[in-house]
Amino acid sequence: MQDVFSYIDDHRDSYLKQLFPFLRQPSISTQNVGVRECAQMLLGMLKEIGAKAKLFETPIHPIVFGEIHSPGVSKTLLVYGHYDVQPPDPVDLWKSPPFEPTVCKGRVYGRGTADNKGQLFAHIKAAEALLRVRGKTASNIKFLFEGEEEISSPSLRPFIETHQDLLKADACLVFDGSKHESSRPTIVCGLKGMLYIELRTRGANRDLHSMRAAMIPSPVWRLVHALASLKNQGSRVLFPGFYDLVRKPEEAELEAVRNVPSIVANIRRELDVDELLGGDDSYYYNMMFDPTCNISGIQAGYTGPGAKTVLPCQAFVKLDFRLVPDQRPQEVLRLLKKHLDAQDFNDIEIVQHGELMPSRTPVDHPYVQLVAEAILKTTGQKPVIFPSMGGSGPDYFFTGLMGFPSVWLPLARHDSNNHAPNENIVLDDFLEGIKIGATIIEYMGRIQ
Ligand SMILES: [Zn+2]
């Protein structure tokens, strides 16, 4: 691969020149700011390297698809990424303008540098380097880039379901997420699923003087009691059946977790947390294998300065459940409803906001080994292998709907500030990502 690596090193400056206009173009999906313009730009970049590319309309933001077909090649790698970004707020906490990429101490700062435009761009440049140096790639490449990831990918599933032939591949590769805190190259073999809901309770038809608290039931207490029945003071979810479908980790997965370098004490210090749920030793195990019931937000009554005695007329809470294989969001929702009914909480209104299935590719799958080899070859380092990460994403669409293995290979670091001010990517990691991407494309040709 030395010829390709030298080409990549020689083009460092030109990569930045091409990346910067892409970062300057806002693409905030939740506010519909600049998303279509960004999709057009991406389409142009794919065509520019010689891919057959097309823009697919969806009910919200377009999907950009591209394809490189090499003659006489049988294997196909699908790369997935997203070109939409989170809003830059709070803007005054940025040290440089969010949509003006700025280089400082070996990092590029700007919205989308890490999540996910910078990482996505590395996929394109990996394919380009192979085409320019060798004239062909050892596996076919399909690029699937969506503009709705930051609003939970509502159009992606129907798109995949109706374009199975177009998207057919042997494996999926995603440059997204964050590396292990040690900054060693990291392979992620699965993502947690998600069920996001809101619970609402109502009391009288209006807020009342709290002198009526002796006679009129409080919807806030009602919500608090319902919530208390869902989880104990540790991390155990209490409603019946929640853990029934949780898949037991394989021995190879447990081994991978044992091999994750533990810097948990540092993490605790950095976050100012004295004690972790389950203790330091199970930090990575819990992150990967433990499903959660989290309160994302809760609201009721008077929360302003000073005292105001009031009996509020309503309360609500937003809950996110991170799920692991083989839990299913709709099944968890059914069990939750059943539990609330059984506890006489059947007046509580449940509003659902979103769901994602969990995914997992076995750590000992030949494709995972191939990616690990490509990383070793490129960086001289053995990657940290995460059987799963704590977060969620549309990975199940590839492993479940399409039925092929998928790994997420983050180029960003734990302090890349995804979704926050001063988002950044380390320039050397970005270049390394292009090299790893090119090596995986080449190695794909060998897989049986
Ligand atoms: Zn994101």
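In this predicted model, Asp 115 is buried, with a relative accessible area of 6%. His 419, by contrast, is partly exposed, with a relative accessible area of 41%. Both residues are donors to the zinc ion, which is coordinated by Asp 115 (OD), Glu 150 (OE), Glu 150 (OE) and His 419 (NE2) at 1.9 to 2.5 Å. The angles among the four donor atoms range from 55 to 141 degrees, and the site of the zinc ion is irregular. Along the chain, the donors follow the spacing D-x34-E-x268-H. Asp 115 lies in the loop between β5 (107-109) and α4 (117-134), while His 419 lies in the loop between β16 (406-408) and β17 (424-426), so the pair ties together parts that are 304 residues apart in sequence.

| Residue | Relative accessible area | State |
|---|---|---|
| Asp 115 | 6% | buried |
| His 419 | 41% | partly exposed |

Turning to the nonpolar cores, the largest has 70 residues, and those with the most contacts inside it are Tyr 83, Phe 143, Phe 145, Tyr 367, Phe 430 and Ile 440. Helix α14 (residues 427-444) gives the most to this core, contributing ten residues. For Phe 143, when residues up to four places away in sequence are not counted, the contacts include Leu 46, Ile 49, Ala 51, Val 64 and Phe 65, as well as His 123, Ile 124 and Ala 127. Gly 66, Glu 67, Ile 68 and Val 79 are also among the residues that Phe 143 touches. A second, separate core has 33 residues, among them Ala 169, Leu 191, Val 257 and Leu 276.

Terms used
Residues are numbered from 1 along each chain as its sequence is written. This is a predicted model: local features need pLDDT of at least 70, side-chain atom pairs count only at pLDDT 80 or more; totals for chains, interfaces and linings use all residues. Side-chain values use heavy atoms; hydrogens and water are left out. A nonpolar core is a set of buried Ala, Val, Leu, Ile, Met, Phe, Trp, Tyr and Cys residues joined through side-chain atoms within 4.5 Å. Buried means under 20% relative accessible area, exposed over 50%, partly exposed in between (1.4 Å probe, protein chains only). Helices (H or I, at least four residues) and strands (E, at least two) are DSSP runs, numbered from the N terminus. Contact means heavy atoms within 4.5 Å. Donors are N, O and S atoms within 2.8 Å of the metal (3.2 Å for Na, K and Ca); water is not among the atoms, so sites may look incomplete. Four donors count as tetrahedral if all angles lie between 85 and 135 degrees; four count as square planar and six as octahedral if opposite donors are over 155 degrees apart and all others between 65 and 115; anything else is irregular.
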